[in-house]
Amino acid sequence: MALNVTFVTITAYQFLSTVPGYEAGIQYASELYESININHVTIYRKDLFSCQTFADNSVYLHSQYYYRTLEQSKNTSGSLHTFLGPYCSAAEMLLVSPLAREWNVLLMSMSGSESTISDKRIYPTNVVLNPFSNPVLHLLLEKLLRLYKWTTILLFCDENRISVYYKTNCGNIPAWFHPPQYNTLVVKFDTSNALDRVDFDGLLRILAVSARGL
């Protein structure tokens, strides 16, 4: 009997642009494992644009799918459902993780990071693919700067609302590394309107005279 696997992406509207990436990966897996029937379901609401507003409704949306769709086929032989999404804030994962644990449903996050949600003793059905959390990033950068005795930091920060993770770090890094020990320079640009309006050549010129790496 063929195994039927359904990946369910429930996401904030601002992260809808990540869905083609999941679809490409699922198509590749389908071609690689021909004996497995792999499907993909995407659920979103246009009024839930940001991570913050989506987090407030994430329990409702996941529960709605589970009780209306997943529970009916959960005990069907050869059927497996997995929640797969960016989960762009720790709040979403912290809210949905207890549900996935009780439902015994795999919950995979691409970007949500928080030490608790990665703890298999607490949430055995969680798979967090984010390579590091913000505290680990802080420690990594601190050791790197000390190793090379670098004291000047140049940040290019995209003001596009869809870049929540990077905007967050653009706010965190100057707070972590501040005078008198460090001099952090922040250069802001915005790709939300049109890429051709961004002066990338000018940004590279700033980089050339202000830093040794990117």
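In strand β2, the bridge partner of Phe7 is His40, and the chain crosses from β1 through α1 to β2 in a β-α-β crossover that is right-handed, a term applied if, with the strands pointing away from the viewer, the path from the first strand over the helix to the second runs clockwise. Eight bridges join β1 to β2, and these strands run parallel; two strands are taken to pair if DSSP finds at least two bridges between them. The model is a predicted one, in which local features need pLDDT of at least 70 and side-chain atom pairs count only at pLDDT 80 or more, whereas totals for chains, interfaces and linings use all residues. Residues are numbered from 1 along each chain as its sequence is written, and side-chain values use heavy atoms, with hydrogens and water left out.

The protein chain has six helices and seven strands, where helices (H or I, at least four residues) and strands (E, at least two) are DSSP runs numbered from the N terminus. Along the sequence these elements follow the pattern β-α-β-α-β-α-β-β-α-β-α-β-α. Of the 214 residues in the protein chain, 36% are buried, with buried meaning under 20% relative accessible area, exposed over 50%, and partly exposed in between (1.4 Å probe, protein chains only). Among the contacts with a separation of 6 or more, 65% are accounted for by residues 24 or more positions apart, a contact being defined by heavy atoms within 4.5 Å.

Helix α1 (residues 19-32) comprises 14 residues and reaches 20 Å from its first C-alpha to its last, close to the 20 Å expected at 1.5 Å a residue, the expected span being 1.5 Å times one less than the number of residues. The buried residues of α1 are Val19, Tyr22 and Ile26; seen down the axis of α1, they fall within an arc of 60°, so they line one face of the helix, the arc being that of the directions from the helix axis to the C-beta atoms. The cover over these buried residues includes β1 (3-10), β2 (36-43) and β3 (79-85), while the face of α1 turned away from its buried side carries the exposed residues Tyr28 and Glu31.

Strand β6 (residues 152-158) has five of its seven residues buried, so it is largely enclosed by the rest of the structure. Seven bridges join β6 to strand β7 (residues 183-189), and these two strands run parallel; in β7, the bridge partner of Asp158 is Phe189. In helix α6 (residues 200-210), the residues Gly202, Leu203 and Leu207 are buried, and, seen down the axis of α6, its buried residues fall within an arc of 145°, so they line one face of the helix. These buried residues of α6 pack against β6 and β7, whereas Asp201, Arg205, Ala208 and Val209 are exposed on the other side of α6.

Aromatic rings were also examined, with rings of Phe, Tyr and Trp (its six-membered ring) taken to pair if their centres lie within 6.5 Å, planes under 30 degrees apart counting as stacked, over 60 as edge-to-face and the rest as tilted. By this rule the count comes to 11 aromatic pairs. The rings of Phe83 and Trp103 have their centres 6.4 Å apart and their planes at 50°, so the pair is tilted; the pair links distant parts of the chain, with Phe83 in strand β3 and Trp103 in helix α3, 20 residues apart. Both Phe83 and Trp103 are buried. In the pair of Tyr148 and Trp150, the ring centres are 4.9 Å apart and the planes are at 20°, so the pair is stacked; Tyr148 is partly exposed at 48% relative accessibility, and Trp150 is partly exposed at 33%. One aromatic cluster is formed by Tyr65, Tyr66, Tyr67, Phe83 and Trp103.

Several backbone features lie in loops. Asn104, in the loop between α3 and β4 (106-109), has a positive phi of about 60° although it is not a glycine, and Asn104 counts as exposed at 59% relative accessibility. Lys149, in the loop between α4 (134-148) and β6, likewise has a positive phi, near 55°, in a residue other than glycine, and Lys149 is exposed at 71% relative accessibility. The peptide bond from Pro179 to Pro180 is cis, with omega near 5°, and Pro180 lies in the loop between α5 (164-176) and β7.
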